[in-house]
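Here are a few notes to read alongside the model. Have it open and follow the points in order.

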Amino acid sequence: MAGVVTRPPVGNRDFASFALCTGAYLYASTKRMVNDMKQSAIFPVIFHVCVFLALQITYNVVVQQWNVDLSKLTVATTSCKSKKVSKLSSFESLRLGSSVWCSGTSKSDRICKFKNLCYHPVHKEYMFFHGLNSVIDGVPKDRFNPALLDLSSVDDHNVQYFNYVDFPAHSLDAYENVTIFDGNNYIFHRFHPDNIMHAIHDDLLPLFHTMKQYSNSGSSQIDLNSRLVFMEGYELGPYSELYQLFSRLQLVIKDNLTVNNTLKCFQNAVVGLSKFTTWYQYGFDQIQGPLPEIQITAKQIYEFTRFVRERLGINESVSHTQSPQVVLCTRHHNRLILNDQEISNAIITKMNKRVAKVSFETHSLERMIRIIGRSSGLIGMHGSILVMAMFLPQGSFLMELFPYGVVPWNYRPYKTLAGLPGMNLVYQDWINTNEENTVTHPDRLPAFGGIAHLSKDEQEDIINTKEVPLHYCCNDPYWLYRIYQDTKIDIDSFSASLNTAIEGSHKLFTQGFQAANELLLPGKVLNVSCVVPEGGHTVPALAISWKPPINVQYFENFTVQYEVWIQKEVARDYLAYILAPTEYVFTEGLVRHTKYRIWVRCLVNDLVGPFGVMGSCTTE
């Protein structure tokens, strides 16, 4: 995957001296042989053998030095095959310095693109070499307060902070071996790669959005010949096949960069992930819940799911009305549905559709996506697998089941997903309100709901608490004790909730799907005109007209209006009007023989366009 850049064992000056000495020695030796053997009958044979040996030795030395000096670099290439490159394109380019270009106004929204960013595998630090060609653009002076950027899309988690250490370019002389990863590299931290919700929400959706921004991929969405570099320190994990969909190159983890303790350098690197696609925060410094300003819509979600399907070779498209099945997500180790067969029978009776049971223990990711994509609903206990609802056909429903004491309104990642603009999914929750239908596991490990390590008083308090109190992530014993319960689902209340979900799905289909509209803003109004109207007015009047913005015809099914400001030339206040026509005679509040400034802008629902060119006129 990568080659090692090795500095030459001898310099050019040493080589010249060596070659000169070798030549002189060969000349002297040959001369003595000629003098001693010129009378010998075998002189011609010996002479030619000596000349051949001399030429062979000189050739080997020259070729070896030529290979080391002029073609000494073997780098990791975008084709996963090693190739030799000239020193100007690799090591000498590195000696000319690192460069960085950052976008964003704070650590939370900043992403940086580097040239010749290096990583020290022993000190575990990123290195920036200041040289003749170095460029530093968009880097704040206080980049250590507290960091230059977040390596993860999870905001302000201190283990995700990124910064680099400054070095002069000539300090590279101290490194005998350097490994260079060529091409484009995306360096970031996966947050929790063994959990499918975190893998998609925290890593892959942000990665996809970031790669679209920085890829030069022609007609395709992202450049699949880019390399993904995971620097958080985890192993590849159970969903590595999903990450691999975003690159044709071998995935790189942090441990790969500590091999041989050689300096590792990235020819081009994008560091950090966009937070544009995230919709939920997990409660590290505040109670968990939807982000206050969610930017992602169904457009980005479905663009992502289409990409994943295409990479997996899944091409079929099924409407939820054509779907012959409903998916029931099952678990095999904890948080079990104790009567899943009864649930399946209830679904079959209610919907007259078969039930497909899926789990990560029994299904591959590709198989699961195929099944969900042909289903009209997905049902499961609260858990990460429910993020797979994004692969449902539009018009389907997501039904989330909650164990006893875990109230739905405090845990909303999947409800928020289903409700994103344009998703067109119906969300329905169900909660177990009967404590007799639950099985707890107080003797398990604390991470899986065990409380035996706590005092008797603490255990009793947790057991007697009927609703999990609000808490921070991630080790609250009240939360863990309840979320890892096994549950017997009450069939009557489940059927009622299922019926609500089905009715919601039918209603959504009847009313029509909501479009995930782009934020189209109206342009400037054109040709603002202001004149004094001809006769017939006993009070001061101004006839104001304008042309609509050039894009107004694309706002179908929207209310298009115009806002007009009329201001005395020497005043700070103004008269404001909102109206639908593009011309109107204004009289209210006007004064004779007064010059007025006129501004007009377009309003489309609650979207506001820019003002057109100011007009002016004087009343009579």
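This is a predicted model: local features need pLDDT of at least 70, side-chain atom pairs count only at pLDDT 80 or more; totals for chains, interfaces and linings use all residues.

1. Staying with β31, have a look at its pairing with β29 (residues 595–604): the two run antiparallel and are joined by four bridges. Opposite Ser616 of β31 you'll find Arg597.

2. Next, the open sheet. Its five strands come in the order β18-β17-β19-β20-β21, and the pairing is parallel. The edges are β18 (354–358) and β21 (426–431); each has a single partner strand, so one side of each has no neighbour in the sheet. From one strand to the next, the twist averages 20°.

3. For a closer look at one pair, take β17 (residues 325–329) and β18, which run parallel with five bridges between them. Cys329 has Val358 in β18 as its bridge partner. Helix α7 (residues 340–351) packs on this sheet and touches β17, β18, β19 (375–381) and β20 (397–402). The direction of α7 makes about 145° with that of β18.

4. Helix α12 (residues 491–511) packs on the sheet too, touching β19, β20 and β21. Here the helix direction makes about 170° with that of β21.

5. Then there's a helix pair to check: α6 (residues 298–312) packs with α8 (residues 365–372) at an angle of about 120°, and their axes are 11 Å apart. That angle makes α6 oblique to α8, and the crossing is left-handed. The residues that meet are Val308, Arg309 and Leu312 from α6 and Glu366, Ile369 and Arg370 from α8. Sorted by class, the contact has three nonpolar and three charged residues, with no polar ones.

6. Last, a loop residue: is Asn437 buried or exposed? Asn437 sits in the loop between β21 and β22 (438–439). Its relative accessible area is 15%, so Asn437 counts as buried, the cut-off being under 20%. Leaving aside residues up to four places away in sequence, Asn437 touches Asn432, Asp486, Thr487, Lys488 and Asp490.

Conventions:
Residues are numbered from 1 along each chain as its sequence is written. Side-chain values use heavy atoms; hydrogens and water are left out. Axes are lines fitted to C-alpha atoms, for helices over the stretch in contact, and angles run from 0 to 180 degrees between N-to-C directions. Angles under 35 degrees count as roughly parallel, over 145 as roughly antiparallel, 65 to 115 as roughly perpendicular and the rest as oblique. A crossing is left-handed if the near helix is turned anticlockwise from the far one by less than a right angle, and right-handed if clockwise. Contact means heavy atoms within 4.5 Å. Ala, Val, Leu, Ile, Met, Phe, Trp, Tyr, Cys and Pro count as nonpolar, Asp, Glu, Lys and Arg as charged, and the others, Gly among them, as polar. Two strands pair if DSSP finds at least two bridges between them. Buried means under 20% relative accessible area, exposed over 50%, partly exposed in between (1.4 Å probe, protein chains only).
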